[in-house]
Structures are given as C-alpha cells and as structure tokens.
Amino acid sequence: MTDSFKALVIDDVDGKQVAGFRDLTVADLPDYDVLVEISYSTLNYKDGLAVCGKGIARRRPMVGGVDLAGTVLESASPDFKAGDKVLVNGFGLSETEWGGYSQKQKLKSEWLVKLPEAFSMHDAMAIGTAGYTSMLCVLALEKAGVKPEDGDILVTGAAGGVGSFAVALLAKLGYRVVASTGREETHAYLKKIGAAEVISREECLGSGRPFDKERWAGAIDSVGSKTLAAVLAQMKYGGAVAAVGLAGGNDLPTTVLPFILRGVSLLGVDSVMAPMDKRVEAWTRLATDLDTSLFADMITTEPMSNVIDLGAQILKGQIQGRVVIDVN
Ligand code: NDP
C-alpha cells in the first residue's frame, strides 16, 4: 500500500514480548486528535527494556519509542495546526501508548510540547527524555536551595544519557561537578562536557557505612540501590539528592540517619507523567542553559533498523551519551 510506513512493534510471540519491524497505515494508529509525521526518536534505558522484551510494553501490539519529534500533519485540536513542529516525552509512550519508533503516529494533543525555537528536531531528540529529565533534576536541586557555592555536586551513572546531560547542565550553571562512572574510557569525555573531577563507581560507594564523611552539597543519581544509599550517607548537612534512575537496581538499602541527623532531602524525579507546566519550564530552561556545541561529543545518530541491537547495548551500559534514532 502506498500510504504504509515503517514502525517497530513489540508483540507477543510464544509467551514472550518480541520486537520487530512492521508496515502500518494511518488506519492502524490510535484514535487520537493529532497525526504527526515523525522525524526522530531516541534511545533511552527504558527503550532498551522495551525492545528487548523486558516487560515495559504493558499492552501489545505496542509501538516502541519513549520520545518523538515531528511535524503535525492533521489536527482536530485548536492548539495545533498542520506544519507545527512538536515533541513528546513519556506520557506512557512505549508502555501503554504507541510511541516514536514509527514514521507516523497519532497522539493526544495534551501530550505535545511545541518545539522550542532554539532547537531543531534533531536537537530535541538529542536531548530527549534523558536531557529533559536531567533538567527536571536540576530544577529540583535549585528548588531545594542547592547553590554552586555550597560545594561539589555528584552525578552518578555520569556517562549515560541522563548523567551526561546532568554533568553538562550543572557545569554550565556554575556548579563544580564530580562525575562517577564505571567506565574508565569515558573520563576524557566527561571532562570535556564539564566534569571538574571523575571518580570510579567504587570511590562513589565511600566507606559503605550508612553515615559517612560529608562530601556532596547535591547529587543527581541515575543508579539507585547501594549507590544511592552511599550518596545519601555522604551528603553534606542540608544537602539534596535528586533520585531519577535504577540502572544499578530499584532497591534502596539505607537508614534514616542522613535525613534525621543531617537534614538531607531525597527528591523524587519523574519525567513520564510530569505536568505540562513543568515540561515547558524544563524545555525553556534547556533552551537557555544547554550548550548545544557539546552535541558533537555527546550524540550519535542511528537508523531505526539498528534500534533492537542498540537496546541490548544500553542495557549492558555500553552506550556513551545519547543516541538519536532517525526513523526515516
Ligand atoms: P543509560 O544506560 O544511558 O545510563 C545509565 C548509566 O548508569 C550507565 O551509562 C552507567 O554509567 C550506569 N550504570 C549502568 N549499570 C550500572 C550498574 N549496574 N551499577 C552502577 N552504575 C550503572 O540510561 P539513561 O541515562 O537513559 O537512564 C538512566 C536511568 O534513569 C535509568 O534507570 C532510567 O530508567 C532512569 N530514567 C528515569 C527517568 C524518570 O522519569 N525518573 C527518565 C529517564 C531515565 P557509567 O558507565 O558512567 O557508570
């Protein structure tokens, strides 16, 4: 059929979730009010889980892709018209709603953010959920009163997507950033994007005691588990940690001591269902606070045909920075 287009679809095969490429038509898409021609999507950790069949797609068939940027083709909403450039992050895409690994998608108008003028669609997906979520973390630390003069800010999982943007954004805002990574080969990269110092995952774990030497004024943690517990134990008096990820596990083996003896704050950050005003605030700040010249070091662009292999790599912690997915 002439109006068919390509999409990555996760479906049930012999009791397992399996991803593969399919030709769809507009008639196959959900009955939502805006039809978008997609230019780019991205690769996030959650996309890796989805395309490797690890239970992210809560209904099947599911079109993968947590993020998308594209051009409105048709709109039944007064808020958008054909030709508008838009982006979507989260809102259940690839979990309960069909996502961005497709050349076209129908979406609810209330999920769409107008593309900030500062960014091309490729830029917007270079940033993607990882960059937008990092900005939500920075906003959370700012609201908690963490200032550059308070001391060092730790970023864990620093060479990943969320971590890389956290390093770059915090450095541009004048914070002294210490990046924790498990990959020695990323040290030069992390320094180039703004880390003043790079430490190993082991050093980040400190003494392992639940109440450790005070070291960090603030932290952005994409690892969770014993890493987040160690970060909490090393927070300075009154410091704040934005907890955003679980790359190292979803448990949190800690005690109440950092909270009740040092007044440490643990700030939960969710990007998926974040309200529109927060999204617009984050994208507006990204437009002013992100040095896009760093993209040359941070971003690679890959065709959608590679997304299943790339998904397996991100789950093994082998992806540096961000991958933009060209769906066309
Ligand atoms: P990436 O895979 O790009 O980054 C994760 C990084 O964590 C890796 O690069 C690695 O960094 C580190 N890491 C991986 N495995 C381990 C491990 N076993 N122990 C310690 N460190 C590890 O993923 P993203 O940046 O896309 O996402 C990071 C996390 O944030 C994920 O858990 C994701 O689900 C979560 N997330 C949450 C969001 C929210 O709304 N709350 C939104 C977006 C992401 P290094 O090599 O430098 O050590």
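**Notebook: strands, a turn and a ligand**

I began with Val-9, which stands opposite Val-63 in β4. The model is a predicted one, in which local features need pLDDT of at least 70, side-chain atom pairs count only at pLDDT 80 or more, and totals for chains, interfaces and linings use all residues. Residues are numbered from 1 along each chain as its sequence is written, and side-chain values use heavy atoms, with hydrogens and water left out.

**Entry 1: the open sheet**

I noted the terms before going on. Strands (E, at least two residues) and helices (H or I, at least four) are DSSP runs numbered from the N terminus. Two strands pair if DSSP finds at least two bridges between them.

I looked up the pairing of strand β1 (residues 5–13) with β4, and found 2 bridges in the antiparallel sense. Ile-10 stands opposite Met-62 in β4. β1 also runs antiparallel to β2, and 9 bridges join these two. On that side, Asp-11 stands opposite Val-18 in β2.

I then wrote down the order of this open sheet of 3 strands, which is β2-β1-β4, with antiparallel pairing.

**Entry 2: two backbone exceptions**

I checked the turn next. β1 and β2 form a hairpin with 2 residues between them. Asp-14 lies in the loop between these strands, and its phi is near 50°, a positive value in a residue other than glycine.

Which residues are joined by a cis peptide bond? They are Arg-60 and Pro-61, with omega about -5°. I placed Pro-61 in the loop between α1 (45–51) and β4. For background, most residues other than glycine have a negative phi, and most peptide bonds are trans.

**Entry 3: β3, β5 and β6**

I followed β5 (residues 67–75) to its partners. Strand β3 (residues 34–43) runs antiparallel to β5, and 6 bridges join them. Val-34 stands opposite Ser-75 in β5. β5 also pairs with strand β6 (residues 85–89) in the antiparallel sense, over 5 bridges. There, Leu-68 has Val-88 in β6 as its bridge partner.

**Entry 4: the ligand**

I listed some backbone distances. A backbone N or O atom of Ala-159 lies 3.0 Å from an oxygen atom of the ligand. For Val-244, a backbone N or O atom lies 3.0 Å from a nitrogen atom of the ligand. For Ala-247, a backbone N or O atom lies 3.2 Å from an oxygen atom of the ligand. The protein covers 86% of the 910 Å² of accessible area (Shrake-Rupley method, 1.4 Å probe) that the ligand has on its own.

Conventions
Polar contact = N/O pair within 3.5 Å; in protein donor to acceptor, adjacent residues only side chain to side chain.
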